[in-house]
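Reader: Could you walk me through this model before I set anything up? I would like to begin with how the chains meet and then move on to local details.

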Number of protein chains: 2
Amino acid sequence: MSDRKEFRDLATPERAHEVADGLDIDPGAETVPLDGARGRVLDERIDATLDVPGFDRASMDGYALRAEDTFDADEASPVTLSLAGAVHAGERPAVSVDPGTAVEVSTGAVMPDGADAVVIVERTTATDDGVEIRTAVTPGQNVMLSGADIAAGTRALGPGTRLTPSEIGLLSALGVDEVPVRAKPTVGILSTGDELVRPGEPLQSQAGEIYDVNSYTIATAVAEAGGAPELYPHVGDDYEAMERLLRRAATECDLVLSSGSTSASAVDVIYSVVESQGTLLLHGTAIKPGKPMLIGELGDAAYVGLPGYPVSALTIFRTFVAPQIRDAAGLPEPATATVTGEMAVRERCEEGRRRLLAAGLVENGDGDLLVYPVDKGSGATTSLVDADGTVTVPADTAFLDAGESVTVELFSPDVRPPSVLCAGDSDPVASQLLDGLDEPRFLPVGTREALRRLRDGIPDVVVAAGPTGASSDAVELGGWTREWGLVVPAGNPDGIEGVPSLVDDDGSMVNLATGFGLRTSFDAHLDALADERDIARSELTDDISGYDLTTTGGESPARAVSDGDADAGLGLRATATALGLGFVSLGRQRVRVLTTADRRDKPAVERLAGAIDEVDLSEFPGFD
Amino acid sequence: MSDRKEFRDLATPERAHEVADGLDIDPGAETVPLDGARGRVLDERIDATLDVPGFDRASMDGYALRAEDTFDADEASPVTLSLAGAVHAGERPAVSVDPGTAVEVSTGAVMPDGADAVVIVERTTATDDGVEIRTAVTPGQNVMLSGADIAAGTRALGPGTRLTPSEIGLLSALGVDEVPVRAKPTVGILSTGDELVRPGEPLQSQAGEIYDVNSYTIATAVAEAGGAPELYPHVGDDYEAMERLLRRAATECDLVLSSGSTSASAVDVIYSVVESQGTLLLHGTAIKPGKPMLIGELGDAAYVGLPGYPVSALTIFRTFVAPQIRDAAGLPEPATATVTGEMAVRERCEEGRRRLLAAGLVENGDGDLLVYPVDKGSGATTSLVDADGTVTVPADTAFLDAGESVTVELFSPDVRPPSVLCAGDSDPVASQLLDGLDEPRFLPVGTREALRRLRDGIPDVVVAAGPTGASSDAVELGGWTREWGLVVPAGNPDGIEGVPSLVDDDGSMVNLATGFGLRTSFDAHLDALADERDIARSELTDDISGYDLTTTGGESPARAVSDGDADAGLGLRATATALGLGFVSLGRQRVRVLTTADRRDKPAVERLAGAIDEVDLSEFPGFD
């Protein structure tokens, strides 16, 4: 048993790759039926055991005959042969061809004995005496000889061949109905941590429960890499239960992954089990994210412990685990799994650790690929869908410069850059417009931050709500106005009549963060009221309970009211109507959909502009 | 009902696309469990129905406290707070934070009431009095507020989103365990023709039976395009049975394909059923292959009749049917489904019909992609695996010139150019060497034809057997010699002692075609015997029964002997040994593995050269 201290120093990324590459997760071979073999990889060579076709086969509709009987025939002087009978596809010939005779054959028919060629029907005429042949043919013409397609004994497909429809077709021709293929490595996924709950089960948020993100994410990534994921029942941080489950998974799987918890105690439990009952090969790497990665062996199974944060777990899985699964399944590295683009902005990096930078993609107006960092803290699950892949930054790199060319390893070969990258304020009309586009991406960062990013050249489109500073670069695609105010409980039981009620009465509110359109309009409204009362705005806001309780979700204040957590919340009439709540109007604000000159001609921006012109605002209460 | 005559004129390809695009095979939506949703496409928008996280969450291990209590703290003058308790991930806090106190928290823990920030454990020291804080934090630091990742009411994923591991992760975070996705269109596949037998069932070749290639090929292609294939039991050409099956399939499927038979009678039956009971929309197109394509409607299902030859069927499926299935399933056109290369040789085309030319791919020494036509007659199933895709040639194009840039539509996104393209004679050592390479391709065309293609710049490697003309361009990678002669029944019952027995006795033989190495050596042997007897070679060969009965499969003559169809066959000692037959040696011949200077450095050619040096010839009887 290795001494635990040995692992105190973080392993280099190269060493981590070496250890991961050395894991044995070979699942061996299995036999699968041909109709379930798509995408699988042959484990051994398949030789033809029969001739295809298995008989000399007429390859056209016409007449089977002896070629030498036609040598003098042409259009001007046809030769007449007597008709000896007919053979159709799928029939055993009951006739043979003697000199001076012919037999009618259909495509695919067995050539009758004595015949060595076929004259196509178009060059013949049936007569009372038999059949008139108007062309000469050579021996073998319009006949596919037995074995001419594939001869018995021929090497048909080699080991390692991936089975696409074409190979399935060849195997069908050989009569093969089951094939020896590389088995899929069985990958057990253990979810640990007292706080995790499987999706679909009830969640007690106030007890700190959260849904288990990593189990299904990693299971899906395992399947994508060609493995067979096996989800084990959730256990908490209990040592005995975890030990039993790990041992069971190690006997049932080629590879065991643990993933899910960020809690130190769960990690400690797994660490102890692997260290005491198996072999710990690596503990920690100088990679961000991924520092806590564990690699070991437990019984006959390999073991990898993934970091807890979803983007980190998926990144480490892709980098260290997916290649092993693909290799064990016999699959090649996907050809489309990397793309090259240029950094949209400068990004600083922490020196000393290799960084796998989560990155999003966007095409600029010229169709060039721009790469921008996605960093909300690795704990954010939205980073999963806002990032398209990762950029590997060497440990000695202090920054990636704007315009620098970088390679992005995509999270999946299915990843495409979004048709349009939008950022800004949440708005129900904007959401509906996005629904009409193919694979758009929307970053709900609020108006101010979105406009900043637009100036950096990242998003294609910004949904800007409320009064915004003039931006000379922006091109307006269109817009609408929306009624905003205070969302209150149904029936407005506290009789809130506007901002004075909030200032002068006891009620509490929930606000939105600065930079969001409703907040900007709200603050402007407060400024006007302060002017009216000839006081500073802070004198008003100090008296509004919850003014500093800010959220970034457009509906969050209204939902706090709905949940009984506040007496009022900043929001839209449309939101109040949708949630069945009361509403006190404070005004109307403009929502503008902005782009830049160079992105204006992107097809999805063009479609968005068209959709804005046609949207039916009457569906949205308070919009016009 | 349309008059059948209307369809006598072939429809233009544009019209055929228009009719195919107009088919309705929309399968609607279905709900699938999250763990079965990989690769599926959302049918509707998913909004978040809960906040993620659902509580203010510590995002680091450390101490939850009031930020204002730390404002004066730094390394030089730490602040000591009393310890009020601890909260771990997955626990409901039992304590709260009053001024001057702190609570130990682990990552993921619920923030206790009263706390607004976390100081990370590394900047603290536990003391007897509580905890020493050595840094100042701001409110909100190291805390993820409720809803900060995803706020309830936010648009999370739009309709049309393809579900990769990342989206599965986001849905998990929202607690979603089943998702509304586009259903897979159900595609019924009918196999017709009296001659077809399902793979795995016994085959009666002499009754003209062949294995059904198209059913599994098309079923696999349907699955690849995102459809759910449904194979119907095979029926022959009986009108009543076909009518019942077509009607049943039309009620059970969104789309019905018939495919499999080349027999005119089966096509006629289907034509009649669709014409009399449904609507025939198109019959025949000016496309090669694909002239016999049928498109129609039968009940609520769409119907497409594919050509019978396998490459033709797959080509027409890809061109006209797969896009409809992908569209119905909500899937995008695969991004990697086309590649651009240059024609390796000139190819003549028949004017007047658009041609979908089956093409193979090979990389030259510079990594450029060369495209060569694969044309063995569409009936050959080996063309399925020898071709990588199709080149669309307009109807008014007379030829594609060598060096001309063309676009190849790949048969499947999984298609890759072979690592090495080989051609030549079949040889058991060569087969084993190929088994050691990743995805090689071998064309068993014989030595002479392979050397011709090498001069045209197509294959990377030629397996040349027997005496061959000198080729100044060729570079030899290595070789071996093999013993050849006459394969005879076990125990050599006819006492065949060599060629004189064949000439002078009654026995029959099976020969190989000219251009194959064994044939070249055999003819040289005959020349020597003729010289010895001072006669013309033809005087010998006229007396050898079966000398003109030639095959192209290296083992075919030996297998004819094994099957009792001949008394002797040209072949290798190794083949005789493998099949348990007798052998009369006629000599030894050299097998040389050749490449060209510009392909010598391709990685797979390099590996092949290394493998030749290391091959153990003692495994192969008669080889050294």
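Reader: How many residues of chain B are in contact with chain A?

Author: This is a predicted model, and in it 98 residues of chain B are in contact with 98 residues of chain A.

Reader: And what area do chain B and chain A bury between them?

Author: Between them, chain B and chain A bury about 7,800 Å², and 56% of that area is on carbon and sulfur atoms. The size of an interface is often given in this way, as the accessible area lost when the parts come together.

Reader: How many residue pairs are in polar contact between chain B and chain A?

Author: There are 24 residue pairs in polar contact between the two chains, counting pairs with both residues at pLDDT 80 or more. On the side of chain B that touches chain A, at least two residues each come from several elements, including α2 (165–173), α3 (214–224), α8 (428–435) and α13 (556–562) of chain B. The largest share of that side is the eight residues supplied by α2(B). Sorted by class, the side of chain B that touches chain A has 39 nonpolar, 34 polar and 25 charged residues.

Reader: OK, salt bridges next: what is the count between chain B and chain A?

Author: The count between chain B and chain A is four salt bridges, while over all chains the count comes to 66. One that joins the two chains is formed by A:Asp435 and B:Arg155, whose closest N and O atoms are 3.0 Å apart. Another salt bridge brings together B:Asp435 and A:Arg45, at 2.8 Å from N to O. That pair crosses from helix α8 of chain B, where B:Asp435 lies, to the loop between β1 (29–33) and β2 (46–47) of chain A, which holds A:Arg45.

Reader: Switching topic, how many aromatic pairs does the structure hold?

Author: Over all chains the structure holds four aromatic pairs. For A:Phe522 and A:Tyr547, the ring centres are 6.2 Å apart and the planes meet at 35°, so this pair is tilted. A:Phe522 belongs to helix α11 (residues 517–533) of chain A and A:Tyr547 to the loop between α12 (537–541) and β34 (550–551), so the pair ties together parts that are 25 residues apart in sequence.

Reader: Before I look at the backbone, which peptide bonds are cis?

Author: Among them is the bond from A:Lys288 to A:Pro289, with omega near -5°, and A:Pro289 sits in the loop between β19 (287–288) and β20 (294–298) of chain A. In chain B, a cis peptide bond joins B:Val52 and B:Pro53 with omega about -10°, and B:Pro53 is placed in the loop between β2 (46–47) and β3 (57–58).

Reader: And what about phi at A:Glu439?

Author: A:Glu439 has a positive phi of about 45° although it is not a glycine, and its place is the loop between α8 (428–435) and β30 (441–443) of chain A. Most residues other than glycine have a negative phi.

Reader: Last one: how far apart are the C-alpha centres of domain 2 and domain 5 of chain A?

Author: Those centres lie 64 Å apart. In the domain assignment of chain A, domain 2 is made up of 29–52 + 150–182, and domain 5 covers 474–619.

Notes:
Residues are numbered from 1 along each chain as its sequence is written. Chains are lettered from A and ligands numbered from 1 in the order in which they are written. This is a predicted model: local features need pLDDT of at least 70, side-chain atom pairs count only at pLDDT 80 or more; totals for chains, interfaces and linings use all residues. Side-chain values use heavy atoms; hydrogens and water are left out. Domain bounds come from an automatic or database domain assignment. Contact means heavy atoms within 4.5 Å. Buried area is the accessible area (1.4 Å probe) that two parts lose on being put together, summed over both. A salt bridge is a side-chain nitrogen of Lys or Arg within 4 Å of a carboxyl oxygen of Asp or Glu. A polar contact is a pair of N or O atoms within 3.5 Å; within protein, one must be able to donate a hydrogen and the other to accept it, and residues adjacent in sequence count only if both atoms are side-chain atoms. Helices (H or I, at least four residues) and strands (E, at least two) are DSSP runs, numbered from the N terminus. Ala, Val, Leu, Ile, Met, Phe, Trp, Tyr, Cys and Pro count as nonpolar, Asp, Glu, Lys and Arg as charged, and the others, Gly among them, as polar. Rings of Phe, Tyr and Trp (its six-membered ring) pair if their centres lie within 6.5 Å; planes under 30 degrees apart count as stacked, over 60 as edge-to-face and the rest as tilted.
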